[in-house]
Amino acid sequence: MPVSILIPTPLRRYVGGAKSVQVTAQTVEGAMAALARESPDLRQQLFDGAGKVRGFVNLYLGDSNVRDLAPTLDAVAVKDGDVLTIVPAIAGGAPEAALSRDEILRYSRHLIMPEVTLEGQKRLKGAKVLCIGAGGLGSPLTLYLAAAGVGRLGLVDFDTVDLTNIQRQILYSTSDVGRPKLEAAKERLTQLNPDIEIVPHGLHLASWNAMDLFQGYDIVADGTDNFPTRYLVNDACVLLGKPNVYASIFRFEGQVSVFDAKRGPCYRCLFPEPPPAGLAPSCAEGGVLGVLPGIVGSFQALEVLKLILGTGEPLVGRLVMFDALDFKFRELPVRKNPGCAVCGRAPTITAPVDYEAFCQVRGLEPAAGDKTVPTITVEDLHGRLQAGESFNLLDVREPHEYQIVRIPGAAQFPLSQLPVRLHELDSARTYTLHCHRDTRSLQAYQLMRRAGFGRLQVLAGGVDAWAERIDRSLPRY
Amino acid sequence: MRLSGALESALRRHCEEQYPNEACGALFGTGDGAMSPWSVTELAPAPNEHGGDHKRRYLVPPDFQLEAEKRARATSQDVIGYYHSHPDHPARPSEYDRAHAWFGYLYLICAVPNGRAGVLGAFSLEGQGGVFLDVEVRGEPGQAK
């Protein structure tokens with residue numbers, strides 16, 4: 001049967017530049033053999049040593065790929081006027097990350113593990129991980145990811161190193177106090193591993209910049225301590241289809257999970273709404289045992305590495321809680337919520353939203369019915385005390401904090417005891433409430449307002465502002 | 001090799017859209033790069049159907065190629081080559097590109113550092129050993145090897 005074979009551009013040089021060649025054959029195999037007789041070079045391009053069509057050449061009879069028609073070419077008959085099209089496979093791609101001699105030595109303890117090998121180490125080198133927050137969790141996280149050879153590490157933070165950070169943020173030294181965190185972090189991580197790229201993003205993560213920023217990374221690791229950022233990171237990751245390796249810590253307890261909405265739940269499936277403002281104290285308010293972020297941030301690094309290597313069982317659909325005091329792990333199954341606002345069947349969130357408003361963390365939040373919380377500045381309080389005015393100053397911090405620093409004349413009324421000690425106070429009198437900064441004094445304010453206390457004010461900035469701006473001889477914590 | 005500004009913009013846009021994954025597509029046109037210079041007259045973005053990591057691999061689906069060949073014949077053009085992007089890598093052919101390249105095709109590679117299209121390189125496979133040579137773009141000198 002006469003059939004025409006259409007020749008693609010790269011193969012025309014073997015058939016005198018012809019775009020198509022007419023042959024006579026009964027089967028596709030016969031037609032190709034007839035074509036191969038035209039040119040030994042073309043035979044070499046199309047057939048392997050055993051005479052089979054090479055894997056990177058596709059043959060189409062009409063609109064059908066011959067491979068889909070029959071297992072062998074001789075089983076595909078051709079009829080008069082059939083058109084055979086030769087389609088050379090087109091593939092390629094960016095260069096693979098290669099390892100230098102020094103890198104092979106550096107990662108040798110990885111390379112000899114069957115779960116990693118040279119292939120896995122190249123994957124680590126080709127991986128791009130964005131760490132949100134270069135603090136307590138971000139310290140072990142970035143140190144271990146850099147040490148493990150993750151090729152590009154992005155860091156988001158806009159803080160400077162503070163002396164109160166050093167107790168747990170092992171990325172920094174005492175000599176770094178006062179420096180921008182990212183500057184100190186880049187220096188330290190580059191010393192640890194000069195073969196990787198550290199990309200500092202000294203910005204405040206917001207709904208308008210998160211999507212662009214995350215775009216350039218494969219995995220996002222959230223080590224922040226506030227709800228607006230946590231929801232923002234979650235939503236942007238879901239919208240971009242990127243896994244979010246999440247961890248958080250408080251006092252003696254840590255949590256870890258992997259939120260990958262492509263194959264499991266997201267953070268919103270677990271917590272659709274943030275807790276009311278003030279109910280979730282930060283590390284600055286509640287404290288944290290220095291070693292805890294070291295442990296939990298290392299778990300986070302572990303999960304990031306597993307995701308890159310594609311090995312083991314990632315913490316998808318599971319929330320692990322670690323209680324350091326009892327040394328107990330608890331694992332909670334987390335199910336994907338079909339009604340989830342961002343990863344559910346009918347999502348209502350299709351772009352990052354204004355998280356500050358969503359999480360109501362605008363600082364001093366008025367109680368229900370109040371337009372504003374009455375506040376007094378430390379300067380005002382100090383001036384009026386000097387002028388002989390008297391204040392009923394209530395310190396709602398815990399007794400062990402009172403021992404660190406106190407404002408002269410303040411009475412101790414720890415927030416935890418306040419509900420049962422309200423009867424000691426007179427609702428007709430004016431009280432000035434303060435805590436370390438603002439969070440607990442606001443809670444105390446709301447509690448007392450509900451109990452009928454009408455004349456209350458909050459000392460803005462708390463004892464910390466007092467120690468910073470009024471009596472600089474006092475310690476800060 | 002000739003490529004109009006409008007086509008180049010479309011190519012760059014496609015590469016940016018696919019970032020961080022590799023974009024790929026067919027180049028229609030005339031010429032063979034030897035007797036007559038290549039001239040790109042049309043391009044067609046293709047889906048990337050590589051079975052592996054799309055961030056550094058691409059595969060143009062054969063069915064797409066068949067349709068491209070049909071279109072070329074119907075419009076008196078040829079499929080003169082293919083383009084693809086290198087997200088966060090230079091616009092130079094990789095060893096993998098070389099191993100999978102065909103003589104006689106024009107290959108355009110667009111670097112996409114951090115999601116923004118950068119240098120566009122043009123290459124063709126030449127010589128016995130199959131070496132990529134730079135192809136001059138729009139009469140301007142190609143990048144030095």
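This is a predicted model: local features need pLDDT of at least 70, side-chain atom pairs count only at pLDDT 80 or more; totals for chains, interfaces and linings use all residues.
Residues are numbered from 1 along each chain as its sequence is written, chains are lettered from A and ligands numbered from 1 in the order in which they are written, and side-chain values use heavy atoms, with hydrogens and water left out.

Chain B, then, spans about 35 × 35 × 30 Å along the principal axes of its C-alpha trace. Three helices and seven strands make up its secondary structure, in the order α-β-β-β-α-β-α-β-β-β along the sequence. Helices (H or I, at least four residues) and strands (E, at least two) are DSSP runs, numbered from the N terminus. Of its 145 residues, 51% are buried; buried means under 20% relative accessible area, exposed over 50%, and partly exposed in between, with a 1.4 Å probe and protein chains only. Among contacts in chain B (heavy atoms within 4.5 Å) between residues at least 6 apart in sequence, 59% join residues at least 24 apart.

Chain A is another story. The radius of gyration here is 33 Å, well over the 23 Å that the globule rule gives for 477 residues, so chain A is more spread out than a compact globule. Its C-alpha atoms fill a box of roughly 115 × 50 × 40 Å along the principal axes. The secondary structure of chain A runs to 19 helices and 19 strands, and 50% of its 477 residues count as buried. Of the contacts in chain A with a separation of 6 or more, 65% are between residues 24 or more positions apart.

On to the aromatic rings. Over all chains, the whole structure holds 13 aromatic pairs; rings of Phe, Tyr and Trp (its six-membered ring) pair if their centres lie within 6.5 Å, and planes under 30 degrees apart count as stacked, over 60 as edge-to-face and the rest as tilted. One of them is the edge-to-face pair of Phe56(A) and Trp102(B), 5.7 Å centre to centre with 70° between the planes. Phe56(A) sits in the loop between helix H2 (40–46) and strand S3 (57–61) of chain A, and Trp102(B) in the loop between helix H3 (95–99) and strand S5 (106–112) of chain B, so this pair joins two chains. Phe56(A) is partly exposed at 41% relative accessible area, whereas Trp102(B) is buried at 5%. In chain A, ring pairs also link Tyr231(A), Tyr246(A), Phe259(A), Tyr267(A) and Phe271(A) into a cluster.

Leaving aside residues up to four places away in sequence, Arg56(B) touches Gly92(A), Gly93(A), Ala94(A), Glu96(A), Glu119(A) and Glu22(B). Its C-alpha atom is 8.8 Å from that of Ser85(B), 29 residues away along the chain.

Notes
The radius of gyration is taken over C-alpha atoms; the globule rule is 2.2 Å times the number of residues to the power 0.38.
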